[in-house]
Amino acid sequence: MNVQAYLNRIDYHGSLDLQFEMLRQLHLAHLEQVPFENLSIHSHEPIVLNDASLFEKIVTRRRGGFCYELNGLFAALLRELGFQVAMLSAQVANDQGEFSRDFDHMTLMVALNEERWLADVGFGDSFVEPLPLVVNTEHEQRESRYRLVSSGHERLLLEQALKNEDWKPEYRFSLKPYQYPDYAEMCTYHQTSPESHFTRKRICSRLTPGGRTTLSDMRFIITENGVRTERTVRDEREYADILCEQFGIVM
């Protein structure tokens with residue numbers, strides 16, 4: 001891996017001392033520079049899960065991706081920098097609190113010495129800094145609180161609470177490590193099944209210093225300091241212009 005090219009892609013110019021502060025800054029920079037997007041699915045571009053293909057897409061072509069791609073390549077970068085990283089299988093909660101199947105989401109466990117963190121640059125609107133892998137401890141980040149709780153069957157559950165709201169589940173996971181081939185079936189499902197939310201509409205979204213910028217099909221949404229504005233995109237030409245100007249993506 002060309003580590004410097006990857007660091008340039010995420011506009012990271014900080015310290016490379018092997019400590020949590022570097023992990024925190026890399027995590028935040030990745031979320032701000034590399035969009036969560038599923039445009040490959042809607043342009044019939046196969047998603048190949050290996051480091052070389054993902055590097056070519058995300059770093060060389062300056063694209064984004066969804067969880068398997070973003071977290072998979074971020075894991076490879078962290079390993080090159082000296083962290084121990086495990087790719088984990090997660091089940092995502094829906095609005096009714098029901099969970100999807102295994103390998104529906106990839107998240108990461110990052111370890112250095114005796115400390116371990118949950119890292120995730122591929123879940124969209126969630127925590128922005130790595131969370132310590134410690135249960136029943138609240139962490140406030142921006143407008144939300146996060147915590148990990150035990151979920152039975154040796155799983156941990158990530159919960160989020162927006163300001164003045166109750167806790168809601170985001171996803172649950174075990175600490176068993178996996179490799180790219182373990183995610184292949186669900187990756188194919190999300191690229192091809194009409195039941196997958198990734199095949200139903202296009203999405204492109206990235207974190208900003210004050211909120212989030214999102215293209216959801218033909219809706220352009222900006223959240224800044226808690227204020228949300230939304231408008232309809234006129235046509236595909238304007239859609240392409242927004243992709244280029246706001247996300248640096250040229251399809």
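User: Hi! How many cavities of 30 Å³ or more does the count give?
Analyst: The count comes to 1 cavity of 30 Å³ or more. This is a predicted model, where local features need pLDDT of at least 70, side-chain atom pairs need 80 or more, and totals for chains, interfaces and linings use all residues. Numbering starts from 1 along each chain as its sequence is written, and side-chain values use heavy atoms, without hydrogens or water.

User: What volume does the largest cavity have?
Analyst: About 40 Å³. On a 1 Å grid over the protein atoms alone, a cavity is where a 1.4 Å probe fits but cannot get out, while a pocket is an open set with protein on both sides within 12 Å along at least five of seven lines. Volume is the space filled by probe spheres on points joined across faces, edges and corners.

User: And which residues line the largest cavity?
Analyst: Its lining (residues with an atom within 4 Å of a point) is made of Leu31, Val34, Phe36, Val121, Gly124, Ser205, Arg206, Leu207 and Arg212. Strand β10 gives the largest share of that lining, with 3 residues. By class, the lining of the largest cavity has 5 nonpolar, 2 polar and 2 charged residues. Nonpolar covers Ala, Val, Leu, Ile, Met, Phe, Trp, Tyr, Cys and Pro, charged covers Asp, Glu, Lys and Arg, and the others, including Gly, are polar.

User: Switching to pockets, which residues lie nearest the centre of the largest pocket?
Analyst: Those are Phe123, Gly124, Asp125, Ser126 and Glu170, out of 50 lining residues. The largest pocket holds about 1,800 Å³, and its lining has 16 nonpolar, 20 polar and 14 charged residues.

User: Which element supplies the largest share of that lining?
Analyst: For the largest pocket that is β11, with 4 residues. Among the elements supplying at least two residues each are α5, β7 (144-150), β8 (156-162) and β9 (168-173).

User: What about the volume of the second largest pocket?
Analyst: The second largest pocket has about 270 Å³ of space. Ser100, Asp104, Tyr189, His190 and His197 are the closest to its centre, out of 15 lining residues. Helices α6 (184-192) and α7 each give two or more residues to the lining of this pocket, and α6 has the largest share, 3 residues. The lining of the second largest pocket splits into 5 nonpolar, 5 polar and 5 charged residues.

User: Zooming out, how many helices and strands are in the chain?
Analyst: The protein chain has 8 helices and 13 strands, taken as DSSP runs numbered from the N terminus (helices H or I, at least four residues; strands E, at least two). Its C-alpha trace spans about 50 × 40 × 35 Å along the principal axes.

User: Last one: at what angle do α4 and α5 pack?
Analyst: Helix α4 (residues 51-60) and helix α5 (residues 67-81) pack at about 105°, with axes 10 Å apart. The two helices are therefore roughly perpendicular (65 to 115 degrees). Contact (heavy atoms within 4.5 Å) involves residues including Leu54, Phe55 and Ile58 of α4 and Leu70, Leu73 and Ala76 of α5. The residues of this α4 and α5 contact divide into 8 nonpolar, 1 polar and 3 charged.

How values were computed:
Axes are lines fitted to C-alpha atoms, for helices over the stretch in contact, and angles run from 0 to 180 degrees between N-to-C directions. Angles under 35 degrees count as roughly parallel, over 145 as roughly antiparallel, 65 to 115 as roughly perpendicular and the rest as oblique.
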